[in-house]
Amino acid sequence: MNKYETIFIVDSELNEEARAPVIERFKNMIESNGQLESIDEWGTRRLAYPINDKLEGFYVYVNYSAPADFPSELERVFKITDSILKFLIIRKED
């Protein structure tokens, strides 16, 4: 099991009822494939540059431990989820 940190940006145009299931989906995915250490919702922030003509996004930061093959599956799901604007997965050093 490796340690990872991930930041993903959810479309800020989604209301709370639409955004919560998206975040919950990724939280459940991480919990079922590894060990979730923390999840921190940073809230809506201005983007450094426009992404898909959007100027703001809802940031979520996650720390977790997972097998080495899990980040590629997580990346695949991020890419096919329309409400995710951007994501970054980083493996932490031990």
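Helices (H or I, at least four residues) and strands (E, at least two) are DSSP runs, numbered from the N terminus. With that in hand, welcome to a predicted model, where local features need pLDDT of at least 70, side-chain atom pairs count only at pLDDT 80 or more, and totals for chains, interfaces and linings use all residues. Residues are numbered from 1 along each chain as its sequence is written, and side-chain values use heavy atoms, with hydrogens and water left out. Asn52 sits in the loop between β2 and β3, and the tour below starts from the sheet around that loop.

**The sheet**

- An open sheet is built from 4 strands in the order β2-β3-β1-β4, with antiparallel pairing; two strands pair if DSSP finds at least two bridges between them.
- β2 and β4 are the edge strands, each pairing on one side only.
- From one strand to the next, the twist averages 20°; axes here are lines fitted to C-alpha atoms, for helices over the stretch in contact, and angles run from 0 to 180 degrees between N-to-C directions.
- β1 and β4 are joined in the antiparallel sense over 7 bridges, and Phe8 stands opposite Phe87 in β4.
- β2 and β3 run antiparallel and are joined by 11 bridges; Thr44 has Phe58 in β3 as its bridge partner.

**The hairpin turn**

- β2 and β3 form a hairpin with 2 residues between them.
- Asn52 has a phi near 55°, a positive value in a residue other than glycine, and is exposed at a relative accessible area of 57%.
- (Buried means under 20% relative accessible area, exposed over 50%, partly exposed in between, with a 1.4 Å probe and protein chains only.)
- Asp53 lies in the loop between β2 and β3 as well; its phi is near 60°, also positive in a residue other than glycine, and Asp53 is exposed with a relative accessible area of 78%.

- Arg19, Val22, Ile23, Phe26, Met29 and Ile30 are buried in α1.
- These residues cover an arc of only 115° around the axis, which means they sit on the same side of α1; the arc is that of the directions from the helix axis to the C-beta atoms.
- Glu17 and Ser32 are exposed residues on the face of α1 turned away from its buried side.

**Cores and a buried aspartate**

- The largest nonpolar core has 18 residues, of which Phe8, Val10, Phe26, Tyr64, Phe70, Leu74 and Ile84 touch the most other members.
- (A nonpolar core is a set of buried Ala, Val, Leu, Ile, Met, Phe, Trp, Tyr and Cys residues joined through side-chain atoms within 4.5 Å.)
- β1, α1, β3 and α2 each supply at least two residues of this core.
- Apart from this core lies another, of 5 residues, among them Ile9, Leu47, Ile51 and Tyr59.
- Asp11 belongs to strand β1 and counts as buried at 12% relative accessibility.
- Not counting residues up to four places away in sequence, Asp11 touches Lys54, Ser83 and Leu85.

How values were computed:
Contact means heavy atoms within 4.5 Å.
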